[in-house]
Structures are given as C-alpha cells and as structure tokens.
Amino acid sequence: MSIIKEFKEFAMRGNMIDMAVGIIIGAAFGTIVSSLVNDVLMPPIGLLAGGLDFADKFIALNGESYATLAEATKAGAPVIRYGMFINAVINFLIVAFAIFMLIKQVNRFKKAEAVAPAAPAEDVVLLTQIRDLLKAKA
C-alpha cells in the first residue's frame, strides 16, 4: 500500500473529520470568548476595581520603572506580564464554565433519549415467536 493511499485512509476516517470540525469550531468559540472577556467582562471588573486594567499590569525585570507596558516593550525591557496571565485565567474559567454548561445540556438530552428503549427488530420478534411455539410443542 502506498504511503499516499495510507495517508488518505487515515485522514478520511470519520473521527478525524469530526475532530477537525471540533477544532475549527473551538477556535471560533475561543475568539468569541476572548471578545466576551476583553470587551464585555473586563471593563466592569476594572471599573469595580477602581479603574484597574489587568492587561497593563507588569513587572520590569531590568529594575527600571515604566508607566505602561507599551513603554517597557518599546524600550526592550524584559517584563513579566502578570496582567495578561490574569486575563488568560479569567478567559479559561469562562470557557471551562461554558463547556461545562454545554456538556450538561447534552447529557440531559441524552438521558431523555435513553428513557425510550428501541423496539426489537421485526426478525427478532418473529424468531421469538417461533422459539415460543417450539417450546409449547415440546
């Protein structure tokens, strides 16, 4: 079997396509959540915290003082951007909660579907009747 044919079979498996779709949707969902965090949630949190903007919080490692992260970056100073880390943690918590709620709803729908058992196939019913008739004759 040629390597191209083998790769084609690997790439066209149902699970691989499902995974690709999931990754693409996940990336789009990540963009939406990032916008939710940065554009909707962080401004009120910053307002409640007295105008605190986490994105501009940093520690300059060269010992010098800079008014903003942009100034430190422009000067080429090594910085620890702990504000960006806080934003990433908040972003993660929101994504994790959204996924939790989504999975919770999917599981709720699965339980509702599982309540109604499927009727046996017609041939199984027929074989059961034949078995019962043979038992009755014996």
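Here is a short tour, from the whole chain down to single residues.

**Stop 1: the whole chain.** Keep in mind that you're looking at a predicted model. Switch to cartoon view and start at the N terminus: the elements come in the order α-α-β-α-β-α-α. That makes five helices and two strands. The radius of gyration is 29 Å, while the globule rule gives 14 Å for 138 residues, so the chain is more spread out than a compact globule. Line up the view with the principal axes, and the C-alpha atoms fill a box of roughly 100 × 50 × 20 Å.

**Stop 2: the surface.** How much of it belongs to carbon and sulfur atoms? The share is 70%, out of an accessible surface of about 11100 Å². As for what's tucked away, 13% of the 138 residues count as buried. Back inside, take the contacts between residues at least 6 apart in sequence: 42% of these join residues at least 24 apart.

**Stop 3: N87.** Select helix α4, residues 82-115, and pick out N87 in it. Is N87 buried or exposed? Its relative accessibility is 10%, which is why it counts as buried. To see what is around N87, show V37, N38, M42, F54 and A55; N87 touches each of these, leaving out residues up to four places away in sequence.

**Stop 4: I80.** Next, go to strand β2, residues 79-80, where you'll find I80. I80 has a relative accessible area of 41%, so it's partly exposed. Which residues does I80 contact, once its neighbours within four places in sequence are set aside? Show K57, F58, I59 and L61 to see them.

**Stop 5: the charges.** Colour by charge for this one. Side chains of opposite charge can pair when their charged atoms come close. How many salt bridges does a search of the whole structure find? It finds one.

**Stop 6: R131 and D132.** To see that salt bridge, select R131 and D132 and show their side chains; the closest N and O atoms are 3.1 Å apart. R131 sits at 43% relative accessibility and so counts as partly exposed. D132 comes in at 38%, so it counts as partly exposed.

Notes: Residues are numbered from 1 along each chain as its sequence is written. This is a predicted model: local features need pLDDT of at least 70, side-chain atom pairs count only at pLDDT 80 or more; totals for chains, interfaces and linings use all residues. Side-chain values use heavy atoms; hydrogens and water are left out. Helices (H or I, at least four residues) and strands (E, at least two) are DSSP runs, numbered from the N terminus. The radius of gyration is taken over C-alpha atoms; the globule rule is 2.2 Å times the number of residues to the power 0.38. Buried means under 20% relative accessible area, exposed over 50%, partly exposed in between (1.4 Å probe, protein chains only). Contact means heavy atoms within 4.5 Å. Accessible areas come from the Shrake-Rupley method with a 1.4 Å probe; for residues, only the protein chains shown count as cover. A salt bridge is a side-chain nitrogen of Lys or Arg within 4 Å of a carboxyl oxygen of Asp or Glu.
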